[in-house]
Amino acid sequence: MKEMSRFVVVGLLATAIHYAIYYVLLPYMSHNAAFTVGYVVSFLCNYGLSSKFTFRVGTSVQRFVSFGLSHATNYFIQIILLNLFIGLGVSEQLAPLPVYVVAVPVNYLMVRFALTRTSREGDGYWLFLMVVGFAMLWLNLMDVPTLSDDMIYRFAWQTDDTAPVETIGGLGDLLRSQWAHYMSVNGRFIPHLLAQAMLVFAPPVVLQVANTLMFVLLIHLSTKWVCSREGGDDKSLRNDGTTGTDKRDCLHVAVMVTMLLFVVFRGFRTTMVWGLGSFNYLWPTVAVMALLVGSWGQAPDPMLGQRSCPHDPRHYLLLLLALLAGWTHEALSLPVSIAFVAWIVVNRKSLHKHRWTLACMFLFMAGTALCMLSPGIWNRAGEGMSLTSRMVNGAVNAITNVRVTWVLVIVLIVMWRRSGITNPLQRRTEFLRAHLSNHRYEYIALTVALAITLLCGTTLERVAFFADFIAMLLLARILMVAMSGRAKRIMTCVCCGIMLLAYIPAYMVRAENADNWQQAEQQMKEPGRELISVRIPREGENKVMDFFREHYVNSSFDFGFYCSYMGFDANDINMRCAARLYGKERLTFLPEDVIERIESDSTAFTTCTLDRNRDLYVWRMNNDRDVKNVTFVLNDEDLSKLMPHQRLVAYQGNEYELDDFNFEVVKVDGKPFLVFTKPTTNIHRRIKRVTTN
């Protein structure tokens, strides 16, 4: 009781410091930033007083690490609760008060445990995961909707885009919506069911927190997979003759995996920090990794575990997980299923020894079949694209988006090239052979995933995610075994430095995007306002910021030929959903610089002119009439003068007609303007004139 009394005194003092700093800074920065600054200051005061006065244990580096670890967890809880209470309507000034009521008792238990326990070897690993969770949460808390899937998934899915949008009112509407989605779009029933449920029935902070936890869990499961795989691929390299990676490698693996996901992977913004993207990529990967890691350990050969107790009830949960994990995303579940088939064929004579493993594999493949049998996915698979076009797009994808796989190939080549007569080099060759043999099923899955990436017919960066993820696991495994302890420590420090340098501008561009959304949302909430001026960052002024906008922000507003929605078209399904969401008859979005120029200059856009970022053409019309087509008349082009890569995508015709999806007549200040997207470069460089009808 005396200890509890001292804790209450110190806690009240630290809380008072925290709240005072938060209250003072709130007018000058966001509530998350003010809350964090106050928390850091109160943390430093709290540590000294808790050590010397409350628990009377003195200070040390180990206790400081443990104390920081417990407070990182406590901060994580408090920032979640803060945003949850603000989302529920509590004012920013008062929101910390109910947070303290919930978090302080939990904090007492964690702090007492941290300061009175002895330090353990794995503290650094768990502290790193907490820091990653904190950093990822800050990025996710600035996640704002886009005008594409984030809008349409809030309503019942319609097979006809021209049908009236329908609000989801309950579970029946949700299931009916997903059945229509399964029949017309794709077979990812499980992730899209969760996505629609969370978008419709949960406040945004719930999804932001869930995505943060999923990201941390993905790092943990990947680290566990790399560090717990047994086998002979590294035996010749261990000085002590042991097999398997050292437990001390967990921190090194976690740092490398995080760096690869955060910095190297293409499509981080569309697979990790965008709501719908997370459900399509992050969540399915976590589900599959949870299955592969399992709760019963790993065996030398199969991708699934083998060491098991026949009556363990957790196995029945894993059977359910196997079915659900297979029914997530075909680009991941199909490669893994084919690897399972290969394992079954190779081990067909001893299948009776692997009953639980076999049951999980069959259920996973059944989930994959349910995903692949969707009529919608086969309707979208063709899309009238020729094999040549698919191969060209696949080559572009392999060059621009597949990165980790190329690093893995280089490492394997280096290991092979180092084969020779001398004994150390020969040991490297033996290691490479053992590695390829021990992980043959993972390489089968990687090959299939790469084939899907190359043949899917799109150059979207996120398409390469699953292939690179499998390659990442294999790369981490081979490096952790081949590298010396000193090299691992150097690599860990370098990776942490790279991530820190990347995180700061990544945070800045996400904060910029959140501010731009809030500015547009205020206009959408204004009664009677239907034309929304959206702020688009100017490209070319700062190359560094342009790079981070491209890689770390899924912009709320996008204009251009490759955009999946057209904000200037009020009849676009996404625009109609946005209008319904904000209680409007219709909504139209245009770049801020276009609207400002029209309002300030009566002669603006009297000729066909590009906007500031060169994404849209704007052309003032002489009369208010419908435009049925927009045609570009093109200059002749000598193919012999083009670069080889330009010849592959060169347009052969002398005219190019825009699809009606890419143009619309918009009224600004009562004047009609024809707005249409700039075509691809191979068309744009040849434009002679533009005609309309």
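Q: Is Phe676 buried or exposed?
A: Phe676 has 0% relative accessibility and therefore counts as buried; buried means under 20% relative accessible area, exposed over 50%, and partly exposed in between, with a 1.4 Å probe and protein chains only. This is a predicted model, in which local features need pLDDT of at least 70 and side-chain atom pairs count only at pLDDT 80 or more, while totals for chains, interfaces and linings use all residues. Residues are numbered from 1 along each chain as its sequence is written, and side-chain values use heavy atoms, with hydrogens and water left out.

Q: What about Tyr617, buried or exposed?
A: Tyr617 counts as buried because its relative accessibility is 9%.

Q: How many aromatic pairs are there?
A: The structure holds 30 aromatic pairs. Rings of Phe, Tyr and Trp (its six-membered ring) pair if their centres lie within 6.5 Å; planes under 30 degrees apart count as stacked, over 60 as edge-to-face and the rest as tilted.

Q: Why is the pair of Tyr503 and Tyr507 stacked?
A: The ring centres of Tyr503 and Tyr507 are 6.4 Å apart and the planes are at 25 degrees, so this pair is stacked. The two tyrosines are four residues apart in helix α22 (residues 485-524), which means a separation of about one helical turn. Helices (H or I, at least four residues) and strands (E, at least two) are DSSP runs, numbered from the N terminus. Tyr503, at 18% relative accessibility, counts as buried, whereas Tyr507, at 21%, counts as partly exposed.

Q: And what is the geometry of Tyr617 and Phe676?
A: Tyr617 and Phe676 form a stacked aromatic pair, with 5.2 Å from centre to centre and 20 degrees between the planes. This pair links distant parts of the chain, since Tyr617 is in strand β4 and Phe676 in strand β8, 59 residues apart.

Q: Which residues do ring pairs link into a cluster?
A: Ring pairs link a cluster that includes Phe134, Trp138, Phe215, Tyr503, Tyr507 and Tyr552.

Q: Back to β4 and β8: how many bridges join them?
A: Five bridges join β4 (residues 616-620) to β8 (residues 671-677), and these strands run antiparallel. Val618 has Val675 in β8 as its bridge partner. Two strands pair if DSSP finds at least two bridges between them.

Q: In what order do the strands of that open sheet come?
A: The order of its four strands is β3-β4-β8-β7, with antiparallel pairing. β3 (609-610) and β7 (663-668) are at the edges with a single partner strand each, so one side of each has no neighbour in the sheet.

Q: Changing topic, where is Ala604?
A: Ala604 is in the loop between α25 (592-600) and β3. At 2% relative accessibility, Ala604 counts as buried. Its C-alpha atom is separated by 9.0 Å from that of Val594, ten residues apart along the chain.
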